[in-house]
Structure formats: structure tokens, C-alpha cells
Amino acid sequence: MIALAHGVGARHDLPLPLDLVLQGAAVALLASFLALGLLWTEPRFEAAPRAPVRNWWPVRLAVAVGLVLVPGPAWPHLVFVLLWVGVPLLSVLVGPVWRVLNPLRLAARFSLGRAYPERLGHWPAAVGLFAFTWVELVEPGALPWFLVAHAAVGVAGGVVFGDAWFERADGFEVFSTLLGALSPLRGNPFRALVATPVRPGLVAVVAVLLGSTAFDGIGSAPSWERLGAPDTAGLLAAVLLVAGSYLLACRAFGGELAHSLVPIVAGYVVAHYFSLLAVEGQRAVALLLGVTGFVPDDALAAPALVASVQVGAVLAGHLLGVVSAHDRALRLLPPQRHLTGQVPLLVLMVGYTSGGLALLFAG
């Protein structure tokens, strides 16, 4: 059944037994950790050079013109479904597409050329993503205000700092770029992940992405409704819990292992939003074309298919994360701590896996 949530809809009628799913996930992660410890004793991934940003201004101009023509009723589906879900999933497949499509990047053509402050790093992106997820999960009616504010800040940042603003401070573009590292069309995803710059605020960005997805599951559960706690507080607590648990488990590494959580983010995006995109994505296209009374085909949202996609995506994301973290840890840890030094991170990932699957099946 479809229940209203995060602006448009969600699905929770999944048929797999949770206890068996959790046990299988824990065994898979533990087995992979032991296998890596025994067989993977030297780091293998060198950072791949990042492709330069091409001048896609005609594409961005076409997108900007198209947005002017979008019918009013289509905007929630355009933003909550196609931009927030469709663009990240497309980025996983083909690369950072929002870097190409982002119409706000047109402002960089008139840049004053000021240097972007290194100390800001990705913090503006983290703040922007948290603001958007608050709109999505707590106050969807504030979407027009958010879009106006996001556009104003983006244009100002582009004029002052140029392309660097969008690369580091635009939340949607940072999100798309992080997931774009996983695209098989761009070469070895592990090499692309290793090349992720460790900037201030990177952990915060990942925490917002994971924490907001977690709260989406928590906030739609009957137990949360019975608790009666403010949704804003719950969202903030979920983000802080993810950030705090990572920093506690990886205190010896700082943000050096944050890139290993990117596959986990991708797995949760696929798992949590697959059925939403499959059903509401059809409606979004119909609304953009001005078609009224459209009824989506929900064949792709069949419970068995959704459950299989969810479990597969979460496990694949965590396994890729374990491999990526293990390879980086081999460079950062002394040889005598190659295995024991990763135990806190393994515990963290088992916790993320169990918690994520439990939330997905909680409904």
C-alpha cells in the first residue's frame, strides 16, 4: 500500500522475515571482513585523477528555460522525486549528472573570481542538505521558500566564488558528485572513491544523507507518532547520531574514511526510494507533460521485488564500503594494527546495516 510521506509517497509492505535478513547481513559483513583481513594485506587503490568540469552552459540554459515552463502542480514531484531521488540514482549509473544540469552554475560565468575559503569546505552543502531534508520530511509546504533561498544563495555564491562554490557548497551537486564516484562508466569506482577530497564538512554531509534517510523510516513508524516528539528534533538527533557514531568509531582516522560511507549512502538511497521513484516518477513525468488523471503502473513496486532490491542494495553498499574502508585503513594504520584497528569501523557498519534494514522493514 502507498502511504503519504516525504512530500509524495512511500511503501512499507515488505514480505521478508526481518530476523533472517539481519542475521544474513551480519554474517555477510563479518565474513567479508575476515576474508579481507586474510587475503587483502596491501593497499591496491590509487586515487584516479578527477575529470575537469566542462563548460556545459548551453545544457544548463536549456534546463533553466525548461524550469520556467514547469506547471505549478508538478513542482513537488519534480523536486522530491526527480531531483532528490532520480538524479542521485542516475549519478550512480553514469556519473555526477547534476554538475552538468545544474542551472545555477550559469552564475559562475559572471564570477568575480574570489577564492573559496578552504575552512568552509562542504559545510554550506551540509547545511543546505539538512534544510532540504527538513522541508521534505517535516514541512513540505515550505518547498517554495526553500527553492527561492537555495537559488538566491547559489547565484550569489556562483558570482562571488565561481565554479568552486557549486563543487563544494551546493548540496545537490555535492550529493550527485559523491554518488557519481560509484559509476562504472567512469572507471574503477574504488579509485574514484579514494580520490574524494577530505574537506571540512564531508562527514557532516554523509551524516545528513544517512541520518535523514534513517529518520524517514523512524518518522513514519507508529511508535514515533505515539511518542509525540517534534519531527525537527528527531531529524536532528538522527543526523547527530550518525555523525557521532562515525567520529567515535573512526576517531583515529578523522574524515579519511568518510568516503567509505558513500556506497552505504547509495545503497540506502536505492533501498529507501526505489518504489517511490518507480511509482511517483511516472506521475512526475505525467505532471510535467500536463497529463491529468494519470494512474501509475505499480508493477515495479510489487512487495517481493521491492524487498529484494532493498536487501540487495543495502548489502551491496555495505560490502563496497567495507572494501573501500579496508584498503584506505591499510595505508593509515601501522602493520601490527591492520586488522584490530578496523574493528570499531566494522562494528559501526554492522550497526548501520542492522539499523537500516530494521527501519526499512519496520512499517
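Which backbone oxygen lies 2.8 Å from a polar atom of the side chain of T196? In this predicted model, that oxygen belongs to L193.

T196 sits in the loop that runs between α9 (189–194) and α10. Its relative accessible area is 13%, and because buried means under 20%, T196 counts as buried. Leaving aside residues up to four places away in sequence, T196 touches L178, L202 and H259.

**The protein as a whole**

The protein contains 15 helices and two strands. A compact globule of 363 residues would have a radius of gyration near 21 Å, and the protein has 20 Å, so the value agrees with that of a compact globule. Along the principal axes, the C-alpha atoms fill a box of roughly 60 × 50 × 40 Å. Of the 363 residues, 48% count as buried. Contacts between residues at least 6 apart in sequence can be sorted by their separation: 82% of them join residues at least 24 apart.

Rolling a probe the size of a water molecule over the atoms shows where empty space is left.

| Pocket | Volume |
|---|---|
| Largest pocket | about 520 Å³ |
| Second largest pocket | about 380 Å³ |

The second largest pocket is lined by 21 residues, and those closest to its centre are A214, V242, G355, G356 and L359. Four helices, α10 (202–219), α12 (231–249), α13 (262–288) and α15 (343–360), each supply at least two residues of this lining. The most comes from α15, which gives eight residues. By class, the lining of the second largest pocket has 13 nonpolar residues, eight polar residues and no charged ones.

The largest pocket has 22 lining residues, and L67, W75, L78, W98 and P103 lie nearest its centre. Here at least two lining residues each are supplied by α2 (57–68), α3 (75–94), α4 (97–101) and α6 (143–161). The largest share, six residues, belongs to α3. The lining of the largest pocket divides into 19 nonpolar, three polar and no charged residues.

Definitions and conventions
Residues are numbered from 1 along each chain as its sequence is written. This is a predicted model: local features need pLDDT of at least 70, side-chain atom pairs count only at pLDDT 80 or more; totals for chains, interfaces and linings use all residues. Side-chain values use heavy atoms; hydrogens and water are left out. On a 1 Å grid over the protein atoms alone, a cavity is a set of points where a 1.4 Å probe fits but cannot get out, and a pocket is an open set with protein on both sides within 12 Å along at least five of seven lines; lining residues have an atom within 4 Å of a point. Grid points are joined across faces, edges and corners, and a volume is the space filled by probe spheres set on the points. Ala, Val, Leu, Ile, Met, Phe, Trp, Tyr, Cys and Pro count as nonpolar, Asp, Glu, Lys and Arg as charged, and the others, Gly among them, as polar. Buried means under 20% relative accessible area, exposed over 50%, partly exposed in between (1.4 Å probe, protein chains only). A polar contact is a pair of N or O atoms within 3.5 Å; within protein, one must be able to donate a hydrogen and the other to accept it, and residues adjacent in sequence count only if both atoms are side-chain atoms. Contact means heavy atoms within 4.5 Å. The radius of gyration is taken over C-alpha atoms; the globule rule is 2.2 Å times the number of residues to the power 0.38.
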